[in-house]
Amino acid sequence: MSTHTATGPVNRLANFLRPRKQSTATENKNVTRPEKSIQVLSVENEALKNANEALKKKCSDLQDRLQRVEKRLGGKDKNGDLGVDQQEVESVGAQGGDKRCTVSKEAQAKSEPSSPLSLHRPPGMSRRGHRLLPPELWWTIIRWATYAPPGFDTPNFGPFLGSFDHDNKGEAEAKAVKCAVVQVCSLWRDLALGILYEDVKVGRGAEYLVEALGKTYRGEQLGRCVRRLELPYPHTDTPTNTSLDLALQILQYCPQLETLVRPFMSALPDSVRYEFSTPSHSFLNLKRLEWWHYNDATRSGGINSLLDVLRHSPNLQYLAVGGEMWSSDQTGNVLELPALKTLRVRRINPVFVHQICQWRLPSLVHVVVDFPLEQNALDTIWQVFGARLCTVEFARHVGFLLSDQITRFLRGCPQIKTFNYFLNFTSPPPIFGENCALQCISLHAFPCAMVTDMITEARERLRLHLAFLSESSFPELRRIILYGDWGNMLRDPRLVEFTQTMISKGCSIERATGGMHSCNQLLSA
């Protein structure tokens, strides 16, 4: 074999292998990057598959929820539309095929809660649920969520309402909730804006309040939403003849006002002066008035004068008054309040009592006394109005522990039907032997901090109260309603014996439930 023959194939093989190796190396260099890209794409594809499966499951859960909601509402959408918000979820797929759901980044950003009170829905759940609910139902939900204890002031009488300290914390929380709700969405804003403006307290920045109440939303001024207004006296002072303009504008912007509060102030600032007269204002829709009387303010008349406001409030149903009146300013015709049903007497002096007893109150049936008045001034109220009264209530004040107010009241109101009082804040009266038309007595068990350490005295007081209730001459008494937390007191042998005694007389013992407005009967005849 020749050298060429022997070496030729070897050389050819070597030459073949050499470029092959170079080519392979070069090729490997070129292939490395695509192989890595394929690996990355594979991982991303797997992640997308997982995400897609998760979204499918969420969409399936969403459809199940929607079907359940539709069943509860008694029907489905007539349009056949899924109604899913496109800002959140887009459902794409052929009829009868698999549905693929994707969520865009913009949708995710828009679906973030716009306020602390946005719907706390599970991931992937759309707003379809709240669109299916009737607006009336959403309004009810928002109403309950923003109801500050003990609730919005009402002209109607209720047992022991208003006998507790004002819940400033609850009021602040309710206000924060209202402010948050109106920022959730346009639907909630439409429903809750009236709730936000229904209760207004005039404070700093009254000029901004005037501007806000004058704004229109959906063609209606926001001031028309106001139902309760608290107007402190420093905002109605008259150091100049134009200083009352802001207060008058606020009142003019609130034609639907139902509750007006002129609150108590421990001391009027030295800068508050009443140098000029104030104009009157008509309160045609006013149903409740809470008024603390200040003689200096009264001199300016108008909206600073109790009598002037009462004359311009023909539909007033609830009046709460307090303060000391130095002189009776009754002039002209006798004041008549034809619709007034409830009178709440706070700490007032005999001159103020004399003023009230000159009024004509044909519809008065409820009287609440917050404090036993000096010089037995309550006797005058019982003498003048006692024959027509249906309910009398003694509020939670230790002043009722100092003297027997119950006997004096029963003698002055022999036709009274209902009597409410705090067991631990009222001095137990002796056995009442005169005929009385009482049909219902409500007892509140709120503890008195001043007597909690006097166990013996407290037990004796309970015994005397039970004796008064069971042995007095109340032939028409049919119900005794227990309010508050009676706890272990219900197992007290004396109370058990008292219950049996009252049952034998045809009187039931009941526990108040449902926020003091309904009762559960414990025992009955």
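This is a predicted model: local features need pLDDT of at least 70, side-chain atom pairs count only at pLDDT 80 or more; totals for chains, interfaces and linings use all residues.

Reader: Which residues touch the most other members of the largest nonpolar core?
Author: Leu 289, Trp 382, Phe 394, Leu 410 and Tyr 421 do, out of 105 residues. A nonpolar core is a set of buried Ala, Val, Leu, Ile, Met, Phe, Trp, Tyr and Cys residues joined through side-chain atoms within 4.5 Å. Buried means under 20% relative accessible area (1.4 Å probe, protein chains only).

Reader: Which helix gives the most to this core?
Author: Helix H6 (residues 186-197) does, with six residues. Helices are DSSP runs of H or I, at least four residues, and strands are runs of E, at least two, numbered from the N terminus.

Reader: Is Trp 188 buried or exposed?
Author: Trp 188, which lies in helix H6, is buried, with a relative accessible area of 6%. Trp 139 is 49 residues away from Trp 188 in sequence, and the two are 8.2 Å apart in space, C-alpha to C-alpha.

Reader: Turning to H8, which of its residues are buried?
Author: In helix H8 (residues 245-252) they are Ala 247, Leu 248, Ile 250 and Leu 251. They fall within an arc of 155° seen down the axis of H8, so they line one face of the helix; the arc is that of the directions from the helix axis to the C-beta atoms.

Reader: What do they pack against?
Author: The buried residues of H8 pack against helix H7 (206-214) and strand S6 (228-230), where contact means heavy atoms within 4.5 Å.

Key
Residues are numbered from 1 along each chain as its sequence is written. Side-chain values use heavy atoms; hydrogens and water are left out. Buried means under 20% relative accessible area, exposed over 50%, partly exposed in between (1.4 Å probe, protein chains only).
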